[in-house]
Amino acid sequence: MNLVAVAVALGGVPLLVPGQPSVRPWPIGPGPRYRPAAAGPAVEAGRPLGRLRCSTPGAVFALHLEIFADRRVVVVPAGIGVASPSTRSGASVVAHGCTYPASTATPAGVVEVARGVPLRLSDLFRIWGQALGARRIASFRSRAPVRAYLDGRLVRGPVGALRLRRHAEIVLELGGYVAPHPSFLFAGGES
């Protein structure tokens, strides 16, 4: 979810940046489809998902993921890739056990990826327990294909094959067009 959507969802004032058409308040979609669960029973129990294993967190890098279905924000929830036990602190999830090589601590779309583990977008969605295909994102389906943008540029080829890399800004869209953000401002001011 972009920071503008977070601000609007939390009752804040949206940030509008002159000359940046991609910085616009997009509403979060209505109902539970737009707020998918963070983890299924296998992840909560820390069971292997094929080659993906739950382990003690090590060095990570961050990327940002935004998802839109029918021009509405789909929340990337806190707790993706976090096994039990964990606790909530406000909107954040704090892991007390193992995590998978891709995980989220907040509902802001920031994904932490284990360094040295080559992952693709399909791996993140497998850990999340959500569908990702040529015409599907989570519970959303369309006759039109999923559009994926990396750092503001349209990606050609299978969406799931997109490699997860440091400070990537990944935008997925199904349905109406939303101008993709070319970057994301990470903690510490890095983009």
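# Exercises on strands, rings and backbone

In E9, Arg141 is the residue opposite Arg136. The model is predicted: local features need pLDDT of at least 70, side-chain atom pairs count only at pLDDT 80 or more, and totals for chains, interfaces and linings use all residues. Residues are numbered from 1 along each chain as its sequence is written, and side-chain values use heavy atoms, without hydrogens and water.

## Exercise 1: the sheet around E8

Give the strand order and the pairing sense of the open sheet of three strands.

**Solution.** 
- Step 1. Take the strands (E, DSSP runs of at least two residues; helices, H or I, need at least four; numbering starts at the N terminus). Strand E8 covers residues 136-137 and contains Ile137.
- Step 2. Apply the pairing rule: DSSP must find at least two bridges between two strands. E8 and E9 have two bridges and pair in the antiparallel sense.
- Step 3. Write the order. The three strands run E7-E8-E9, with antiparallel pairing.
- Step 4. Strand E7 (132-133) and strand E9 (140-141) are the edge strands, each pairing on one side only.

## Exercise 2: the surroundings of Ile137

Is Ile137 buried or exposed? Which residues does Ile137 touch, leaving out those up to four places away in sequence?

**Solution.** 
- Step 1. Read the accessibility (buried under 20% relative accessible area, exposed over 50%, partly exposed in between; 1.4 Å probe, protein chains only). Ile137 has a relative accessible area of 2%, so this residue is buried.
- Step 2. List the contacts (heavy atoms within 4.5 Å). Ile137 touches Ile67, Phe125, Ala131, Leu132, Val146, Leu172, Glu173 and Leu174.
- Step 3. Take one contact across the chain. Ile67 and Ile137 are 70 residues apart in sequence, yet their C-alpha atoms are 8.4 Å apart in space.

## Exercise 3: aromatic pairs

How many aromatic pairs does a search of the whole structure find? Describe the pair of Tyr34 and Phe140, then the pair of Phe125 and Trp128.

**Solution.** 
- Step 1. Count. The search finds five aromatic pairs (Phe, Tyr and six-membered Trp rings, centres within 6.5 Å; planes under 30 degrees apart are stacked, over 60 edge-to-face, the rest tilted).
- Step 2. Take Tyr34 and Phe140. Their centres are 4.8 Å apart with 55° between the planes, a tilted pair.
- Step 3. Check burial. Tyr34 is buried at 8% relative accessible area. Phe140 is buried at 4%.
- Step 4. Take Phe125 and Trp128. This pair is tilted because the ring centres are 5.2 Å apart and the planes stand at 50°.
- Step 5. Phe125 has a relative accessibility of 1% and is buried. Trp128, at 2%, is buried as well. Phe125 is also one of the residues that Ile137 touches.

## Exercise 4: strand E12

Why is strand E12 (residues 169-174) described as largely enclosed by the rest of the structure? Which strands pair with E12, and in what sense?

**Solution.** 
- Step 1. Count buried residues. Six of the six residues of E12 are buried, so the rest of the structure largely encloses this strand.
- Step 2. Sort the side chains. Glu169, Val171 and Glu173 point one way; Ile170, Leu172 and Leu174 point the other way. Residues on both sides are buried.
- Step 3. Take strand E1 (residues 60-69). E1 pairs with E12 in the parallel sense over six bridges. One partner to locate is Leu65, whose bridge partner in E12 is Ile170.
- Step 4. Take strand E10 (residues 147-150). E10 and E12 run antiparallel and are joined by four bridges. Here Tyr149 stands opposite Val171.
- Step 5. Link back to Exercise 2. Among the residues that Ile137 touches are Leu172, Glu173 and Leu174.

## Exercise 5: backbone geometry

Which residues does a cis peptide bond join? Where are Arg71 and Asp151 found, and what are their phi values?

**Solution.** 
- Step 1. Recall the background. Most residues other than glycine have a negative phi, and most peptide bonds are trans.
- Step 2. Find the cis bond. Ser84 and Pro85 are joined by a cis peptide bond, with omega about 0°. Pro85 sits in the loop between strand E2 (72-74) and strand E3 (86-89).
- Step 3. Take Arg71. Its phi is positive, near 65°. Arg71 is in the loop between E1 and E2. With a relative accessible area of 35%, Arg71 is partly exposed.
- Step 4. Take Asp151. Its phi is positive, about 55°. Asp151 is in the loop between E10 and strand E11 (153-154). At 16% relative accessible area, Asp151 is buried.
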